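This report goes through a two-chain model.

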Amino acid sequence: MKKIVSLLLAMIMIFALAACGQSAAPAPAATEAPAAVEEPAAESAPVEEAAPAEEPAPETDALVVDTCILKEADDAMINNYSLLAVNPDAPFVDADGNAVADVELNTVGAAALINWLLSEEGQNLAANYGFEEYGEYLFYLKDGRPVSTAEIPEATEETKHIRLSTTTSVNDSGLLGYLLPIFEEKYGYEVEVYSAGTGKSIANAKMGNADLILVHSKKQEEAFIADGFSYVIDGMETERLNWMYNYFVLCGPSADPAGVKDAADVKAAFKAIADGKFTFISRGDGSGTHTKELSLWPEELGITAEAESFKDYTDWYVSANTGMGACLVMAEEMGAYILTDKATFLTFVANDGVMG
Amino acid sequence: MGSSIRKAIELILSADPELLNILSTTAKVCLTSSILALVLGVPVGILLGAERFPGRKVLLVLNRTLIGMPPVVCGLLFYMLFSGVGPFRHLHWLFTVKLMILAQVVLITPIIIGVMETFVADTAPALRETARGLGFGRMKEYRLLMNECLYSIFSAYLLSFARAIAEVGAVAMVGGAIAWKTNVMTTAIMMYTNRGSFTLGIALGLILLTLSLLVNIVLSVMQGRLSR
């Protein structure tokens with residue numbers, strides 16, 4: 001008897017769940033709202049001005065994003081993405097620091113993927129990505145970028161699995177989800193994407209768990225090369241294949257209490273935030289965005305990745321230690337300033353700040 | 001919350017292929033690991049509960065310590081062991097379902113041992129007296145004990161299944177949350193949370209809880225039948 005009652009109860013719960021969902025009548029517009037929310041040219045256009053044109057949004061929890069781009073397209077804000085093949089003869093060491101000589105890497109597969117991404121086809125696809133969905137290009141091709149014309153071999157049983165260790169922004173913006181299936185379909189490879197902040201991605205490669213990396217922190221990439229973990233693949237001139245870029249943008253509340261809009265350049269803008277002690281959300285996770293942010297603070301503050309270095313600033317400097325999207329949600333809720341890559345920010349605004 | 005529930009239902013109704021893949025990976029990992037842990041843990045737990053031998057106390061203390069092992073530490077350990085530079089690198093197990101199962105078995109087995117030991121230590125003395133009084137041999141005595149244990153074996157399994165399906169630290173470390181390969185429900189929820197897609201995270205959470213509820217209903221009904 002008891003069993004029947006509990007089964008019935010469970011059924012009722014499931015039906016109740018289903019009923020809730022149906023009665024609310026799926027409104028796809030909420031998630032697929034067009035992204036033309038902020039004008040690309042006018043840096044100051046507050047988001048609300050464009051937003052009311054959207055449907056009245058029946059739900060109570062739909063936000064209107066107040067956070068907007070305050071500073072962009074500054075030379076100091078260029079966000080360079082590079083490909084690096086992992087060197088099979090790199091000085092790998094195990095956890096105790098003993099040398100490990102026979103780390104197995106798929107160099108053929110790594111070279112194939114690099115050559116495809118740098119081929120005319122791969123480059124065009126990357127350059128055009130995002131326009132349809134967001135009304136803006138998310139990534140730009142760099143002048144003087146490496147171009148590959150090399151023949152790409154079909155996958156074999158041994159070279160089939162390619163391990164790509166990469167940063168969250170290229171994955172979360174949907175770029176890899178768009179490019180890789182085309183490559184896989186054409187040549188028969190399977191690319192396994194390990195996505196984490198640049199710091200963790202590089203650490204993963206140093207442990208011999210990746211065949212190539214796609215990251216965006218020049219400093220960390222150069223250290224990776226200097227330590228001998230990368231090598232020049234056939235037909236290329238350098239280890240660091242920097243072929244695409246976009247911009248970091250400094251975002252904050254539309255009211256802009258620190259007045260960063262009027263700052264002469266981005267460094268002055270960061271100084272204004274620090275001087276006024278306005279809340280700033282830092283990624284704090286060793287990612288490429290975090291590394292860039294650290295380089296923009298006035299030097300006398302001495303802010304580094306070490307927790308010790310910002311212990312006196314905790315009243316306004318928030319080290320969140322989480323992904324870009326989660327940090328944007330925080331910034332929106334706290335009315336804080338934040339440094340973000342533009343691709344993630346556009347996705348955030350396009351989804352009404354729900355990132356859903 | 002309302003939009004999350006709607007999202008969850010939309011996701012299920014649309015039979016999104018990525019969601020289905022995540023669900024099947026989740027099922028594979030937590031069913032296999034909890035069953036393996038059961039097979040390993042029950043005999044050890046019964047032996048520890050029923051027998052008295054030197055070193056038993058030490059084993060019990062060690063086991064209780066292992067029950068408290070943080071999943072992320074277990075994951076980190078296996079990540080290091082099976083890494084490209086680790087001692088077991090030639091197996092190529094890192095970022096595979098196999099290693100996720102192994103890590104979970106290591107996490108769950110101590111729980112099963114603990115539950116079984118507690119139950120058996122409680123029942124064994126009285127049962128042994130009865131068995132000896134009836135003149136049963138050692139084998140028959142154990143069979144009787146197993147019979148008595150059936151209900152608590154189910155309880156132990158429910159506990160270990162719950163741990164397996166809810167666990168995120170270890171599977172995220174050794175699985176790498178790779179799409180179409182090692183992404184399970186909990187790591188997908190983590191991923192969406194990091195991205196700031198809280199609604200989608202809660203939607204997946206609701207699906208996970210509903211599935212867990214269904215499995216638990218089935219197992220509980222079986223438990224009731226079997227132990228009667």
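## A loop residue in chain A

Ile303(A) touches Leu294(A), Trp297(A), Ser309(A) and Phe310(A), leaving aside residues up to four places away in sequence. The model is predicted.

Where does Ile303(A) sit? Its place is the loop between H11 and strand E9 (317–319) of chain A. Ile303(A) counts as buried, because it has 23 C-beta neighbours inside 10 Å and the threshold for burial is 20 or more. Tyr317(A) lies 14 residues from Ile303(A) in sequence. In space, the C-alpha atoms of Ile303(A) and Tyr317(A) are 9.9 Å apart.

## Chain A as a whole

Chain A has 13 helices and ten strands. It holds 356 residues, and buried residues make up 46% of them. Consider the contacts in chain A between residues at least 6 apart in sequence: 75% of these join residues at least 24 apart.

## Two domains in chain A

Chain A is divided into two domains. Domain 1 covers 32–76 + 247–350. Domain 2 covers 79–246. Between them, 20 residues of domain 1 of chain A are in contact with 21 residues of domain 2 of chain A.

Which elements supply the domain 1 side of chain A that touches domain 2? Four of them each give at least two residues: strand E7 (241–253), helix H11 (288–294), helix H12 (324–334) and helix H13 (342–350) of chain A. H13(A) gives the most to this side, with six residues. By class, the domain 1 side of chain A that touches domain 2 has nine nonpolar, eight polar and three charged residues.

## A helix pair in chain A

Helix H4 (residues 120–128) of chain A packs with helix H7 (residues 175–187) of chain A. The angle is about 155 degrees, and the axes are 10 Å apart. H4(A) is therefore roughly antiparallel to H7(A), since angles over 145 degrees count that way. The crossing of H4(A) and H7(A) is right-handed.

Which residues make this contact? H4(A) contributes Gly122(A), Leu125(A) and Ala126(A). H7(A) contributes Leu175(A), Leu179(A) and Ile182(A). The residues of the contact of H4(A) with H7(A) divide into five nonpolar, one polar and no charged.

## Chain B, built from helices

Chain B has nine helices and zero strands. From the N terminus on, its elements run α-α-α-α-α-α-α-α-α. Its C-alpha atoms fill a box of roughly 65 × 45 × 25 Å, taken along the principal axes.

Of the 228 residues of chain B, 44% count as buried. Among contacts in chain B between residues at least 6 apart in sequence, residues at least 24 apart account for 77%.

## H6(B) and its partners

Helix H6 (residues 138–166) of chain B packs with helix H9 (residues 198–226) of chain B: their axes come within 10 Å and cross at roughly 170 degrees. That makes H6(B) roughly antiparallel to H9(B). From H6(B), the contact takes Leu150(B), Tyr151(B), Phe154(B), Leu158(B), Phe161(B) and Ile165(B). From H9(B), it takes Leu208(B), Ser212(B), Val215(B), Asn216(B), Leu219(B), Gln223(B) and Leu226(B). The residues of the contact of H6(B) with H9(B) divide into ten nonpolar, three polar and no charged.

H6(B) also packs with H5(B). Their axes come within 8 Å and cross at roughly 150 degrees. H5(B) is thus roughly antiparallel to H6(B). H5(B) passes H6(B) in a right-handed crossing. What classes of residue form the contact of H5(B) with H6(B)? They divide into 17 nonpolar, five polar and five charged.

## A residue on H5(B)

Ala131(B) is found in helix H5 (residues 97–133) of chain B. Leaving aside residues up to four places away in sequence, Ala131(B) touches Phe136(B), Lys140(B), Glu141(B) and Leu144(B).

Why does Ala131(B) count as partly exposed? It has 19 C-beta neighbours inside 10 Å, and a residue is buried if 20 or more lie within that distance, exposed if 12 or fewer. Ala8(B) is 123 residues from Ala131(B) along the chain. The C-alpha atoms of Ala131(B) and Ala8(B) are separated by 54 Å.

Conventions:
Residues are numbered from 1 along each chain as its sequence is written. Chains are lettered from A and ligands numbered from 1 in the order in which they are written. This is a predicted model: local features need pLDDT of at least 70, side-chain atom pairs count only at pLDDT 80 or more; totals for chains, interfaces and linings use all residues. Domain bounds come from an automatic or database domain assignment. Two residues are in contact if their C-beta atoms, placed from the backbone, lie within 7 Å. Helices (H or I, at least four residues) and strands (E, at least two) are DSSP runs, numbered from the N terminus. Ala, Val, Leu, Ile, Met, Phe, Trp, Tyr, Cys and Pro count as nonpolar, Asp, Glu, Lys and Arg as charged, and the others, Gly among them, as polar. Axes are lines fitted to C-alpha atoms, for helices over the stretch in contact, and angles run from 0 to 180 degrees between N-to-C directions. Angles under 35 degrees count as roughly parallel, over 145 as roughly antiparallel, 65 to 115 as roughly perpendicular and the rest as oblique. A crossing is left-handed if the near helix is turned anticlockwise from the far one by less than a right angle, and right-handed if clockwise.
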